[in-house]
Amino acid sequence: MKYIVFILFTVMTNAAAQLMLKQGMMSLGPISFEGANPLIKLLQIVFSPWVFLGLCTFVISMASHLYVLSKVELSFAYPFLSLAYVAVAVFAYFVFREDLNGWRIAGIACICVGTVLIAQSGRDLGDHGHDEQTVSITSDKIGTSEIVR
């Protein structure tokens, strides 16, 4: 649980990147590749200010996620990324006036409950979520593994 701040930073930067990308695509309007060089069009999209900022934020989010993965189990850290869905839905409702109906709210509630359950499963985990193992050598047996708690 001591890496939760880094996990939540990853979640929030991931959500922020999504919102920036949406803003960038809204500012560009409908995309069409008709009569345009696809490579030039792609570069125009990537280097538009909001899209570029969103992509840079994704890089920061991924760097944070890599740090988290070096410290905790993937099966513990990865489900927290689902909280980015929650953040995006809430912010999209307020910023872009997107629909947040009962079904979406129910889905968000399920995501939150699932994330809380996963967080509870990590309370007793060490840095990598593994029990430490030592190898004991006795006169009778060599290489017997014992779990140390």
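Student: How many residues does α6 have, and how far does α6 reach?
Tutor: This is a predicted model, to begin with. Helix α6 covers residues 102-121, which is 20 residues. From its first C-alpha to its last, α6 reaches 29 Å. That is close to the 28 Å expected at 1.5 Å a residue.

Student: Which residues of α6 are buried?
Tutor: I108, T115 and A119 are buried in α6. They span an arc of only 40° around the axis, so they sit on the same side of α6.

Student: Why would residues spaced like that point the same way?
Tutor: An α-helix has 3.6 residues a turn, so residues three or four places apart point the same way.

Student: And which residues are exposed on the other side of α6?
Tutor: G102, W103, C110, V113 and L117 are exposed there.

Student: What do the buried residues of α6 pack against?
Tutor: Two helices: α4 (74-77) and α5 (83-95).

Student: Let's take α5 and α6. At what angle do the axes cross, and within what distance do they come?
Tutor: The axes of α5 and α6 cross at roughly 145° and come within 9 Å. The crossing is left-handed.

Student: Which residues make that contact?
Tutor: From α5, the contact uses L83, Y85, V86 and A89. From α6, I108, I111, C112 and T115 take part.

Student: New topic. Where does T10 lie, and is T10 buried or exposed?
Tutor: T10 is in helix α1, residues 4-28. T10 counts as buried because its relative accessibility is 2%, and the cut-off for buried is under 20%.

Student: What does T10 touch, leaving out residues up to four places away in sequence?
Tutor: S61, S64, H65, V68 and L81.

Student: Now zoom out. What pattern does the protein follow along the sequence?
Tutor: The pattern reads α-α-α-α-α-α-β-β. That gives 6 helices and 2 strands.

Student: How much of the protein is buried?
Tutor: Buried residues are 26% of the 149 residues.

Student: What about contacts between residues at least 6 apart in sequence?
Tutor: Of those contacts, 71% join residues at least 24 apart.

How values were computed. Residues numbered from 1 in each chain as written. Predicted model: local features only at pLDDT ≥ 70, side-chain atom pairs only at ≥ 80, totals over all residues. Heavy atoms only, no water. Helix = DSSP H or I, 4+ residues; strand = E, 2+ residues; numbered from the N terminus. Expected span 1.5 Å × (residues − 1). Buried < 20%, exposed > 50% of the residue type's maximum accessible area, 1.4 Å probe, protein only. Arc of directions from axis to C-beta. Contact = heavy atoms within 4.5 Å. Axes fitted to C-alpha atoms, helices over the stretch in contact; angles between N-to-C directions. Left-handed = near helix turned anticlockwise from the far one by under 90°.
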